[in-house]
Each structure stands twice: as C-alpha cells, then as structure tokens.
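Please read it alongside the sequence and the structure.

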Amino acid sequence: MADRYRAVLLFGAPGVGKGTQGGVLGAVPGFCHVSTGDLFRALDPESELGREFKHYSSQGLLVPDEFTVKLWSGSMASWADAGRFDPARDVLVLDGFPRNVTQAEMIRDRVDVLAVVHLKAKDRDAMIARLKNRAIEQGRHDDAKEDVIVNRWKVYEQETSPVLECYDGSLVHEVDAMGTPAEVLQRVLGVVVPAVG
C-alpha cells in the first residue's frame, strides 16, 4: 500500500459543501485537500497543460479524463517534491475527483480509498440559495443562474453519482450536509477520524 496515496473522497451534488469541508480538513496536519477545480484554475495559461485546458474550457467542453488524471498525478508529484504533501504520512482529501467512473478506474491502482464521505442535502431550495450566494461571493456569475445550477445537478447525477458504486459499501458514509459548517464538520470527522486511524 506504500506506493498508493491514502485518501478520503468527498462526494455530493453541487452546493453541499465539499470545498468548505475539504478546506477545513486540509488545514489539519496530516491531511492534504485537493480540489481539481483549484488545480485547473492554478494552471499557467502559457504552459502546455494550461493551453490544453484553455482549448477545452473556452469552448465550454468538459476536460477529457486523461487530461484530468494527468494534471492530478503531476500535481501530487510536484506537491510531494515541494514538501506540500508527504505521501508516507498525509491523507489526501479529494474534492471533485474522481468525477466519473472512468476516472475512478484510472486511479484505482494509485489511491487507497479509506472512506467516501457522501454529503447529502434533501432541501433542494436551500442548495439553490447556497449556490447563488457562493456565486455572488466568489464572482462566479454564471453559477448564480438557476438553470445552470439545475444542469450541474443533472451532470452530477449522470456522471459523478455512479462513482459511489465503484467502492465497497462499507467505505461509503452518507453525511447530512445541512446545518452550519461546524455542525457538518463534526459529522464529517465522525466518519474520517475512525477511517484514517
């Protein structure tokens, strides 16, 4: 197992708080939060990967799986080289990755999944309000549109939700995503702490 990254996966529909919870966990020594969205946004637009990403994103196309896995893999190696991530000690908190079943299969030999935290929210209106507020706070104006939000949920249900079936049921834990960030964190830690122990 030493050649595989130990990881906790954060799953859930848009707006459930994956980034919030991942960011908090990533601040705890021994954890390293990895958001594929942040990796894409951090690309140097003049680099080979940056130009390739722009090619897809400028056309509104989804980034191919091979590109996403290559970016993630390269980032983990460079983070380890820079001392930002210690593969022998740290647990990755993967947020938004793997995005689909193909990606889950592509990283199966590289990641030892300790737990899957499936953040769930039953109140759809609350999720729409949360996403609209986030869009305004972060300047992501397109995400403030309800039809865009609904479409993102459809993509999640069609592409990402089936990833949960790639993992043994004993690893998948449903966590209520409603409440304050601290309340949700307490529930998340109730899953993560025993899993990484």
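In the residue classes used here, Ala, Val, Leu, Ile, Met, Phe, Trp, Tyr, Cys and Pro count as nonpolar, Asp, Glu, Lys and Arg as charged, and the others, Gly among them, as polar. By these classes, the lining of the second largest pocket has 8 nonpolar, 3 polar and 7 charged residues. The model is predicted.

**Second largest pocket**

- The volume of the second largest pocket is about 320 Å³.
- Its lining consists of 18 residues, and those nearest the centre are Val 16, Leu 119, Lys 120, Ala 121 and Lys 122.
- At least two lining residues come from each of β4, α6 (124-138), α7 (146-160) and β5 (172-176).

**Nonpolar cores**

- In soluble globular proteins, nonpolar side chains tend to be buried together.
- The largest nonpolar core has 29 residues, of which Leu 9, Val 34, Trp 72, Leu 92, Leu 94 and Tyr 167 touch the most other members.
- Two or more residues of this core come from each of β1 (5-11), β2 (31-35), α2 (36-41), α4 (65-81), β3 (91-95) and β4 (111-120).
- Helix α4 makes the biggest contribution to this core, with 6 residues.
- Beyond its neighbours within four places in sequence, Leu 92 contacts Tyr 5, Arg 6, Ala 7, Val 8, Cys 32, Val 34, Trp 72, Met 76 and Phe 85.
- There is also a second, separate core of 24 residues, with Val 8, Val 91, Met 127 and Val 188 among them.

**Aromatic pairs**

- The count of aromatic pairs is 5.
- Phe 40 and Phe 53 form a stacked pair, because their ring centres are 4.9 Å apart and their planes are at 5 degrees.
- This pair links distant parts of the chain, with Phe 40 in helix α2 and Phe 53 in helix α3 (residues 48-57), 13 residues apart.
- Phe 40 has a relative accessible area of 12% and is therefore buried, whereas Phe 53, at 21% relative accessibility, counts as partly exposed.
- Phe 40 and Phe 67 are also stacked, because their ring centres are 5.9 Å apart and their planes are at 10 degrees.
- Phe 40 lies in helix α2 and Phe 67 in helix α4, so this pair ties together parts 27 residues apart in sequence.
- Phe 67 is buried, with a relative accessible area of 3%.
- One aromatic cluster is formed by Tyr 5, Trp 72, Phe 85 and Phe 97.

Note on methods:
Residues numbered from 1 in each chain as written. Predicted model: local features only at pLDDT ≥ 70, side-chain atom pairs only at ≥ 80, totals over all residues. Heavy atoms only, no water. Core = buried A, V, L, I, M, F, W, Y, C linked by side-chain atoms within 4.5 Å. Buried < 20%, exposed > 50% of the residue type's maximum accessible area, 1.4 Å probe, protein only. Helix = DSSP H or I, 4+ residues; strand = E, 2+ residues; numbered from the N terminus. Contact = heavy atoms within 4.5 Å. 1 Å grid on protein atoms, 1.4 Å probe; cavity = no way out; pocket = protein on both sides within 12 Å on 5 of 7 lines; lining within 4 Å. Points joined across faces, edges and corners; volume = space filled by probe spheres on them. Phe/Tyr/Trp six-rings, centres within 6.5 Å; stacked < 30°, edge-to-face > 60°.
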